[in-house]
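Me: Hi! I am learning how to read protein structures, and I would like to ask how some of the terms are applied. Could we go through one together?
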Amino acid sequence: MSVILHIETATDICSVAVSQDGATIFQTDNLENLENETGKQRTSNHSQQLGVMVDEAISFTDNHAIPFDAVSISEGPGSYTGLRIGVSMAKGVAYARNLKLISVPTLKILCVPVLLVHDDLPEDALLCPMLDARRMEVYCALYTRALKPEKDIAPVVIDEMSFKEHLDKHPIYFFGNGAEKCKSVIKHPNAHFLDNVKLLAKNMAPLAEMKFLRDEFEDVAYFEPNYLKEFQATVAKKLI
C-alpha cells in the first residue's frame with residue numbers, strides 16, 4: 001500500500017493531491033481563483049497558496065490516520081518560479097517526514113487526463129502535450145498512447161512545417177497551454193487540438209505510483225527540476 005502527496009506547480013495552476021494505491025483520495029487547487037482573474041501568469045502566488053494546500057492535505061491524512069510513504073513533484077519543464085516553489089516544498093515535506101521523493105515528467109502528467117477521457121483515440125495516435133514558452137515557442141514532446149516517447153522533450157519554434165514528418169504518418173493530438181496558439185499555424189489534416197486540458201496534481205497519481213512500485217526515487221538533497229527558462233535561452237541563442 002502506498003500513500004503519496006502530489007505537488008504540481010509548473011504553470012499558473014497550483015495543485016495538490018493525495019493518492020492511495022494510485023487512487024485520488026484528496027485534491028485541491030487554485031482554479032477557481034484563476035478563473036476570477038485575468039492577465040499575467042500567477043505563479044508568483046504559489047508561494048502563498050501552496051503552503052495552505054499542503055497543510056490541508058496533511059491535515060486530511062492525519063485526521064484519517066493515513067501515513068504518507070512518499071512525495072511526488074512535477075519535475076518540469078515549466079515556470080522557473082513555480083517549479084522552484086514546488087520542489088522546495090516537496091523537499092521540505094520529504095525531509096521533515098522522512099519520505100521518499102518521486103519526480104514525474106510534467107508533459108506526461110498532461111497526457112493522463114487525455115488518455116482517461118479520450119479512450120477512443122486511434123491505435124496509432126500520438127500525443128503532443130505543449131507548454132507555452134512565449135511567442136511561437138512551445139516546450140513539447142510526442143508520446144504514443146502507452147506514453148512511450150516518439151520525440152524527446154524539446155523546445156520548438158512552431159511554424160507550418162512543425163511535426164510534418166510525424167503528421168504524414170500519424171494523427172497527432174495537441175493540448176496544453178501552448179497548443180492554442182498553434183491552431184492557426186499547424187493545418188495538417190492529421191492535426192487535432194484538444195481544449196481545456198489542465199495540469200493538475202491528481203493526474204500525477206498513476207505515474208507516481210508506477211515509480212513507487214519500481215523504487216525509482218530521487219535524492220532529496222540534490223534533486224533539481226527541469227526549467228523551461230533554460231531551454232528558452234537555448235532557443236534564443238539559436239535564433240541570434
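Me: What makes strand β7 (residues 137–143) mostly covered?
Reply: Good place to start! This is a predicted model, where local features need pLDDT of at least 70 and side-chain atom pairs count only at pLDDT 80 or more, while totals for chains, interfaces and linings use all residues. Residues are numbered from 1 along each chain as its sequence is written, and side-chain values use heavy atoms, leaving out hydrogens and water. A residue is buried if its relative accessible area is under 20%, exposed if over 50%, and partly exposed in between (1.4 Å probe, protein chains only). In β7, seven of the seven residues are buried, so by that cut-off the strand is called mostly covered.

Me: How do you know that both faces of β7 are covered?
Reply: Look at each side in turn. Glu 137, Tyr 139, Ala 141 and Tyr 143 are buried on one side, and Val 138, Cys 140 and Leu 142 are buried on the other.

Me: Why is β7 called a partner of strand β8 (residues 149–157)?
Reply: Two strands pair if DSSP finds at least two bridges between them. Six bridges join β7 to β8, so the two count as paired, and they run antiparallel. Tyr 139 stands opposite Pro 155 in β8.

Me: And what makes strand β6 (residues 126–132) a partner of β7?
Reply: Four bridges join β6 to β7, again antiparallel, so this pair also meets the rule. Here Tyr 139 is the bridge partner of Leu 131. In the hairpin of β6 and β7, four residues lie between the strands, and Arg 134 takes a positive phi near 75°.
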